[in-house]
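Dear colleague,

I am passing on to you the structure we spoke about, together with some notes on what was found in it. Please look through the sequence and the coordinates first, and then read the notes beside them.

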Amino acid sequence: MQLTGAQALIKSLEMEGVEVMFGLPGGAILPVYDPIIDSPIRHILVRHEQGAGHMAEGYAHATGRPGVAMVTSGPAATNIVTPLADAYMDSIPMVVVTGQVALPSIGTDAFQEVDTTGITMAVTKHNWLVTSAGDIPRVVKEAFHVATTGRPGPVLIDLPKDVANQTMEWHWPDAVDLPGYHPLTDGDPELIKAAARLIMDARQPVIYAGGGLLKARAAEALRELVELTGIHVVTTLMARGVFPDDHELALGMPGMHGNYTAVTALQRADLLITLGARFDDRVTGKVSAFAPDAKIIHVDIDPAELGKVRRPDVGIAGDCRLVVEEMVRAVRHLIDSGVTPPDRRAWRSTISGWQENYPLAYEAPVEGDALKPQMVLEHLRDSSPEDTIVVSGVGQHQMWTSQYWRFRHPYTWVNSGGLGTMGFSVPAAMGAKVGRPDRTVWAVDGDGCFQMTAQELVTASAERIPIKVAILNNAYLGMVRQWQEMFYEERYSEVYLSPDLPDYVGWAEAMGCVGMRVESPEEIQPAIDKANEIDDRPVVIDFRTDAREKVYPMVPAGASNSDIVVPPFQAGRHGEGGR
Amino acid sequence: MMAAVAGGPEAGASPDAHLHILTVLVENRFGVLARVAGLFARRGFNIYSLAVAPTEDERFSRLTIVVDVESTPLEQIRKQLDKLINVVRIDELSPTDAIQRELLLCTVRADAEVGDGVWAVVKDAGAWVLDTSAEAITVSLDAEPEVLDALEEALRPYGIVQLQRTGRIALPTL
């Protein structure tokens, strides 16, 4: 069967099981947009290429399947660099196809030419420039294989226009042949046994659960390990949802804005069982002062993470699910053969002392105050279905959402962790909703973030993707404002945005959404209830929140986690083990 | 100095102890060198020298990368390199367990005033004379890098006009 390169590309995507792709056509990718008309793949036409990339990410977050985006060359390719970098930092499987100028024009500074593979080399797991239509099926198969196996990540296929127009004899490869790519899966059994012995020896152990557990579909295995050992769990920003927050052994989020107990438990532990986490600086604070007395078990599918930041006592390269399952077996074996852990009662009571003295909390508003953002989130959390997918942008609203939501299921939290991409939330929420149309999807956004990518709500209305957006509108770039208040003597520089420019309700309505504004506490609940009832179009609620509210606790940048700053009204408390 | 040029067993001793040699087998594809070089640059690893050439198997090329392990943890370099899809295999050679060779080309002043001295150095070192003029000669030598260092130092006083070295290549000792 003779196909054009363009037809072969679409057919290859179909062979890979792609059901939906996000994109925007243009000159160099034009040939590929023709066969899309006849393909069962749903194409969602975005308004900006960055939106296509974040939608593909949100789709991948929510479904576990690779997100697919397709855009043209030049500025379209550079517009999707941010989502690629975002997906690379957070290990999101994503396949991006870019058009490229025709092969004879490459290197001539042709119209809409950029060196896409060169530009994206540092932000993709791998990329390919296709030079012959006959290579397309092989490259597509390799691309999906690389994106979804090992440590997942984004890949990019750059397709010159003349290659898309060439004819080729259709064939679909049976297997991939990448002699330099052999992702690990099983962990070393001896190391797993050594880890089990450390677990049984520890008096003050903590499980440091990272996003790798979600990538490995390891939530069940984690729960088994926790319940077998009775060890407390912290879930990093990337791991929220992998372990239910209402479980008695859940400590919540650690890190710069983690809760006091999670941060301090890591800090005082004698053993960290690190699963699919990478000792990110936002978790460790000052690395040399992080968990100074802890031995480290580190499980990661990427061997380069073992010892990159903190040298493990037992480092296990392998798939988190397989390794944790084996770890459960190894611990059970020790228990069955009569090994007992040291008495951990003192540790447990220390932890509950911290929980009692330093819960996540905020001061109740006084009459006439603007809304407390945390209160908005509590209402949203308590009146949305339990399996609601929550998607945030980056900043204060992101931290409050991670802190105040009570995650009960994996894959219900989507955010930009490593790169910290403002504007992530609206398009990522759309991608999540496209992947999980059965779920309620709330984007919790800041006013600064919302202004970066809000135009994709036009796409959401046109494509009938009924997401809901809660803007925590404090009229500021809130996190920057917080740092300026705390560390720059309240010298506020270029952070004020205005509460009503733009008019968010009018803007939402102009984009085909239902728009609402909430200014007083008693309006919160009715607005959320109304939003949750609407299922035929996007909804945007402009919550006017208190700009003075800060995210607490906070470990100042570069400080030790032992120097965690609690909210002023908690300062001076000295519970058991507290500071 | 001449003794070192003669290349006794002591020639490979300590000055390079902080250097480690990675021989990296890569798929012989477009852009692979850029991927490797880009990785070193963005992770802050320093390349001391680099040589690239095809191998006996045309599907693969071999890079010989010398890195300064005092400035960068070698383990992290290896692991990051190994993540590149086109990198097939990485072997680490300690300088003491490797046969190393490097090629030097040097044009050195050799007029009437200094000619005799230069010719004597060249002869002692066993270097080849590839080109001559009334003012200068161009010589070459392939040897262990330290031997080339010594030759370079021996020629320097006479006036080096141009000098080019290849960077080392290496195979493990048998």
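Let me begin with one cysteine: leaving aside residues up to four places away in sequence, Cys320(A) touches Gly212(A), Leu213(A), Ala216(A), Ala218(A), Leu275(A), Gly276(A), Val299(A) and Ile301(A). Please bear in mind while reading that this is a predicted model. Cys320(A) has its place in helix α14 of chain A, and with 29 other C-beta atoms within 10 Å, where 20 or more are needed, Cys320(A) counts as buried.

The axes of helix α9 (residues 189-201) of chain A and helix α14 (residues 320-336) of chain A come within 9 Å and cross at roughly 55°, which makes α9(A) oblique to α14(A). The crossing of α9(A) and α14(A) is right-handed. On the side of α9(A), the contact is made by Pro189(A), Ile192(A), Lys193(A), Ala195(A), Ala196(A), Arg197(A), Ile199(A) and Met200(A), while α14(A) brings Val323(A), Glu326(A), Met327(A), Ala330(A), Val331(A) and Leu334(A). Sorted by class, the residues in the contact of α9(A) with α14(A) are eleven nonpolar and three charged, with no polar ones.

Still in chain A, strand β18 may interest you. Six of the six residues of strand β18 (residues 468-473) of chain A are buried, so the strand is largely enclosed by the rest of the structure. In a regular strand the side chains alternate between the two faces of the sheet. In β18(A) both faces are covered, with Lys468(A), Ala470(A) and Leu472(A) buried on one side and Val469(A), Ile471(A) and Asn473(A) buried on the other. As for its partners, β18(A) runs parallel to strand β17 (residues 441-446) of chain A, to which it is joined by five bridges, and it pairs, again in the parallel sense, with strand β20 (residues 539-544) of chain A over six bridges. Lys468(A) in β18(A) stands opposite Trp442(A), and the bridge partner of Lys468(A) in β20(A) is Val539(A).

Turning to chain B, there is an open sheet of four strands in the order β2-β3-β1-β4, with antiparallel pairing. Its edge strands are β2 (47-54) and β4 of chain B, each of which pairs on one side only, and the twist from one strand to the next averages 15°. Within this sheet, strand β1 (residues 19-27) of chain B and strand β3 (residues 60-68) of chain B run antiparallel and are joined by nine bridges, where Leu25(B) has Arg62(B) as its bridge partner in β3(B). Helix α3(B) packs on the sheet, touching β1, β3 and β4 of chain B, and its direction makes about 160° with that of β4(B).

Finally, there is the place where the two chains meet: 15 residues of chain B are in contact with 13 residues of chain A. On the chain B side, the elements that give two or more residues are α2 (32-42), α3 (74-83) and β4 (87-93) of chain B, and the largest share, five residues, comes from α3(B). By class, the side of chain B that touches chain A has four nonpolar, five polar and six charged residues.

With best wishes

Terms used: Residues are numbered from 1 along each chain as its sequence is written. Chains are lettered from A and ligands numbered from 1 in the order in which they are written. This is a predicted model: local features need pLDDT of at least 70, side-chain atom pairs count only at pLDDT 80 or more; totals for chains, interfaces and linings use all residues. Axes are lines fitted to C-alpha atoms, for helices over the stretch in contact, and angles run from 0 to 180 degrees between N-to-C directions. Angles under 35 degrees count as roughly parallel, over 145 as roughly antiparallel, 65 to 115 as roughly perpendicular and the rest as oblique. A crossing is left-handed if the near helix is turned anticlockwise from the far one by less than a right angle, and right-handed if clockwise. Two residues are in contact if their C-beta atoms, placed from the backbone, lie within 7 Å. Ala, Val, Leu, Ile, Met, Phe, Trp, Tyr, Cys and Pro count as nonpolar, Asp, Glu, Lys and Arg as charged, and the others, Gly among them, as polar. A residue is buried if 20 or more other C-beta atoms lie within 10 Å of its own, exposed if 12 or fewer, and partly exposed in between; C-beta atoms are placed from the backbone. Two strands pair if DSSP finds at least two bridges between them.
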